[in-house]
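Please open the model in a viewer and keep the selection tool at hand.

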Amino acid sequence: MIEKPFILAGKKLSTRLVFPPLATESSDGGKPNEKITQHYCAIAANPNVGMIITEHSYVDPQGKADPHQISFADDSVIDAQKAMVKSIRNVRPDICLLAQINHAGANTRKLYTGMDLVSASDIKWTRDQARALTVDEIHDLEQKYIAAALRVQEAGYDGVEIHCAHAYLLNQFYSPITNHRDDEYGPQTITNRLRFTLEIIRGIKAKANKNFIVSVRLGGCDYKEGGSTIEDACAAAKLFEREHIDLLNLSGGTCQIFRPGHAEPGFFTDMSEAVKKCVFTPILVAGGITTKKEADLFLREGKADLIGVARALNADPKWEM
């Protein structure tokens with residue numbers, strides 16, 4: 001079943017298998033180098049893969065997650081990105097390519113950025129204290145996300161993915177664990193918690209080409225007491241659908257890429273199944289899935305439309321179904 005094509009916002013994916021974002025932490029000054037390019041070319045050469053979403057790239061130096069993270073923060077990176085996209089398409093002209101954009105917020109180190117950390121609230125997520133963003137700063141960052149997405153488009157990608165998962169900045173606004181604000185971006189309602197992300201989506205949709213795919217990776221559930229819930233993820237999905245996003249990629253929230261106490265294949269599929277019942281937006285899910293049998297089962301059971309396999313493909317780009 002995973003080998004069947006899928007139409008995503010008018011773009012034909014040759015299969016339903018996705019290589020989701022997985023950080024290589026090996027860029028040269030924020031630009032993709034030959035090592036990174038060959039990494040994605042090797043994945044693209046696998047005919048089983050229908051779509052690649054490249055690793056998270058920062059939209060502002062203050063939100064750099066590691067010293068060697070890829071950047072979409074300024075125009076100087078566009079030529080290197082164009083070259084990488086061209087190389088990947090030389091291997092697979094039909095591959096669907098998205099680039100993920102991100103701001104780490106409190107989930108980084110001053111050692112990496114050289115700047116003070118910022119977040120939804122005054123919190124200490126790493127060893128460094130972060131301060132709450134002002135509303136003006138939020139609006140400024142929204143413009144940086146939008147500008148980054150337009151650079152993604154200029155570089156030749158089919159679309160962009162907004163990273164709102166894994167305890168990074170937008171997820172810090174979404175999660176009640178890290179959002180203690182008392183304004184319109186506070187935790188009082190799901191709309192408030194997602195206002196930052198929703199405004200970014202609207203800005204990208206207003207300025208990007210009509211056929212440019214917009215995906216959101218949502219850390220829909222924290223799987224922790226007092227955190228975001230599967231019910232929140234369903235409510236969030238409905239809000240995103242009203243903004244006409246093209247894909248919802250579900251993962252962990254402040255628990256990041258793993259679910260506490262779970263290591264079975266598809267450990268986020270309880271969330272993806274619930275969300276899929278709430279919306280028509282295509283759903284992508286990853287998490288511990290390593291075989292075609294597992295992927296087919298989750299597709300047959302209606303737990304997702306697309307399946308992400310990251311670590312197995314990263315270990316063996318020739319991974320076979």
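The model shown here is predicted. Begin by selecting helix α2, residues 78-91.

Within α2, colour Ile78, Gln81, Met84, Val85, Ile88 and Arg89, which are buried. These residues lie on the same side of α2, because they cover an arc of only 130° around the axis. Now turn to the face directed away from that buried side: there the exposed residues Asp79, Lys86 and Asn90 are found. To see what the buried residues of α2 pack against, display α1 (34-44), β4 (51-58), β5 (70-71), β6 (96-102) and α4.

**The nonpolar cores**

Next, select Phe196, Ile204, Phe240, Leu248, Val275 and Ile307. In the largest nonpolar core, which has 85 residues, these touch the most other members. Helix α4 (residues 135-155) supplies the largest share of this core, eight residues. Which residues does Ile204 touch, leaving aside those up to four places away in sequence? They are Ile146, Ala149, Val160, Ile162, Phe212 and Val214. Another core, of 12 residues, lies apart from the largest one; Leu8, Met51, Ile53 and Ile213 are among its members. As a general background, nonpolar side chains tend to be buried together in soluble globular proteins.

**Helix α7**

Move on to helix α7, residues 230-242. From first C-alpha to last, its 13 residues reach 19 Å, close to the 18 Å expected at 1.5 Å a residue. Highlight Ile230, Asp232, Ala233, Cys234, Ala236, Ala237, Leu239 and Phe240, which are buried in α7. The elements covering these buried residues include α5 (169-174), α6 (190-207), β10 (213-221), β11 and α8. After α7 comes His244, whose phi is positive, near 65°.

**Salt bridges**

The remaining stops concern charged side chains. Side chains of opposite charge can pair when their charged atoms come close. A search of the whole structure finds 18 salt bridges.

Select Asp60 and Lys144, whose side chains meet in a salt bridge at 2.5 Å, N to O. Asp60 belongs to the loop between β4 and β5, and Lys144 to helix α4, so this pair ties together parts that are 84 residues apart in sequence. Is Asp60 buried or exposed? Asp60 counts as buried, because its relative accessibility is 9%. Lys144, by contrast, has a relative accessible area of 28% and is therefore partly exposed.

Then select Asp270 and Arg259, where a salt bridge joins the side chains at 3.2 Å, N to O. This pair links distant parts of the chain, 11 residues apart: Asp270 is in helix α8 (residues 269-276), and Arg259 is in the loop between β11 (247-252) and α8. Asp270 is partly exposed at a relative accessible area of 28%, whereas Arg259, at 16%, is buried.

A further pair to display is Lys110 and Asp116, with a salt bridge of 3.2 Å, N to O, between their side chains. Lys110 counts as partly exposed at 43% relative accessibility, and Asp116 is likewise partly exposed at 48%.

How values were computed. Residues are numbered from 1 along each chain as its sequence is written. This is a predicted model: local features need pLDDT of at least 70, side-chain atom pairs count only at pLDDT 80 or more; totals for chains, interfaces and linings use all residues. Side-chain values use heavy atoms; hydrogens and water are left out. A nonpolar core is a set of buried Ala, Val, Leu, Ile, Met, Phe, Trp, Tyr and Cys residues joined through side-chain atoms within 4.5 Å. Buried means under 20% relative accessible area, exposed over 50%, partly exposed in between (1.4 Å probe, protein chains only). Helices (H or I, at least four residues) and strands (E, at least two) are DSSP runs, numbered from the N terminus. Contact means heavy atoms within 4.5 Å. The expected span of a helix is 1.5 Å times one less than its number of residues. The arc is that of the directions from the helix axis to the C-beta atoms. A salt bridge is a side-chain nitrogen of Lys or Arg within 4 Å of a carboxyl oxygen of Asp or Glu.
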